[in-house]
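Work through the exercises below with the sequence and the model side by side. Try each task before reading its solution.

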Amino acid sequence: MSGRRLALGAAAAVVALAAAAGAWWWLRSAPAAIDPDDPAQVALGQRVYGESCAQCHGARLEGQPDWRERLANGRLPAPPHDADGHTWHHPDKVLFDITKRGLTPFAPAGYESDMPAYAGLLTDAEMRAVLAYIKSQWPAEIRERQERTNRQAGQ
């Protein structure tokens, strides 16, 4: 009987270890919050936005003039991130992925964009902070609509 108890105990330990490893992996891979109500995250985002994004998207999130009209090179100007733009139409995961990887992986084949990939230039926390800052500038009804988009996307 002691051999059987030892085997059961070992099996239980393996199951417990696997469950703990699975929980650790899930928590580690769960998306971190983009929280426009977190003053520290928004302050960091405002600073990083000013240093890394404002030169194209505008100091007040206003984007470049005529952002819906193609330039001579066929590219579109940088869009606004304020309530007049389309940023809030996308869930947080898409916004984060575009910030991290650039627009090209998400655009139609052959589309060229001036939007750089910020992976390796900014940390994930800095990218989430920029998005928190942008979201903090939207009116309440736009933030609510974007949150519905998040929920529909399973976020």
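**Ground rules**

This is a predicted model, in which local features need pLDDT of at least 70, side-chain atom pairs count only at pLDDT 80 or more, and totals for chains, interfaces and linings use all residues. Residues are numbered from 1 along each chain as its sequence is written, and side-chain values use heavy atoms, with hydrogens and water left out.

**Exercise 1. The overall fold**

Task: State how many helices and strands the chain has, and what share of its residues is buried.

Solution: 
- Step 1. Count the elements. Helices (H or I, at least four residues) and strands (E, at least two) are DSSP runs, numbered from the N terminus. The chain has six helices and zero strands. Read from the N terminus, the order is α-α-α-α-α-α.
- Step 2. Check burial. Buried means under 20% relative accessible area, exposed over 50%, and partly exposed in between (1.4 Å probe, protein chains only). Of the 155 residues in the chain, 34% are buried.
- Step 3. Look at contact range. Contact means heavy atoms within 4.5 Å. Among contacts with a separation of 6 or more, 52% join residues 24 or more positions apart.

**Exercise 2. Two helix pairs**

Solution: 
- Step 1. Axes are lines fitted to C-alpha atoms, for helices over the stretch in contact, and angles run from 0 to 180 degrees between N-to-C directions.
- Step 2. Take α2 and α5. Their axes come within 7 Å and cross at roughly 100°.
- Step 3. List the contact. From α2 it includes Q41, V42, L44 and G45; from α5 it includes A125, E126, R128 and A129. Sort the residues by class: Ala, Val, Leu, Ile, Met, Phe, Trp, Tyr, Cys and Pro count as nonpolar, Asp, Glu, Lys and Arg as charged, and the others, Gly among them, as polar. The contact of α2 with α5 has ten nonpolar, four polar and three charged residues.
- Step 4. Take α4 (residues 92-101) and α5 (residues 124-136). Their axes come within 10 Å and cross at roughly 125°.
- Step 5. D92, L95, F96, T99 and K100 of α4 meet D124, M127, R128, L131 and K135 of α5. By class, the contact of α4 with α5 holds four nonpolar, one polar and five charged residues.

**Exercise 3. The core**

Task: Find which residues touch the most other members of the largest nonpolar core.

Solution: 
- Step 1. Define the set. A nonpolar core is a set of buried Ala, Val, Leu, Ile, Met, Phe, Trp, Tyr and Cys residues joined through side-chain atoms within 4.5 Å.
- Step 2. The largest core has 20 residues, and Y49, V130, L131, Y133 and I134 touch the most other members.
- Step 3. Trace the sources. α2 (39-52), α4 and α5 each give two or more residues to this core. α5 gives the most, with six.
- Step 4. Inspect V130. V130 sits in α5 and is buried, at 4% relative accessible area. Beyond neighbours within four places in sequence, V130 contacts G45, V48, Y49 and C53.

**Exercise 4. Single residues**

Task: Decide whether L61 is buried or exposed, and whether D66 is buried or exposed.

Solution: 
- Step 1. Locate both. L61 lies in the loop between α3 (54-57) and α4. D66 lies in the loop between α3 and α4.
- Step 2. Read phi. Most residues other than glycine have a negative phi. L61 has a positive phi of about 70°. For D66, phi is positive and near 50°.
- Step 3. Read accessibility. L61 is buried, with a relative accessible area of 2%. D66 counts as exposed, at 52%.

Task: Find which residues Q146 contacts, leaving aside its neighbours within four places in sequence.

Solution: 
- Step 1. Q146 is in helix α6 (residues 140-152) and is buried, with a relative accessible area of 0%.
- Step 2. List the partners. With neighbours within four places in sequence set aside, Q146 contacts W88, H90, P91, D92, L95, K135 and W138.
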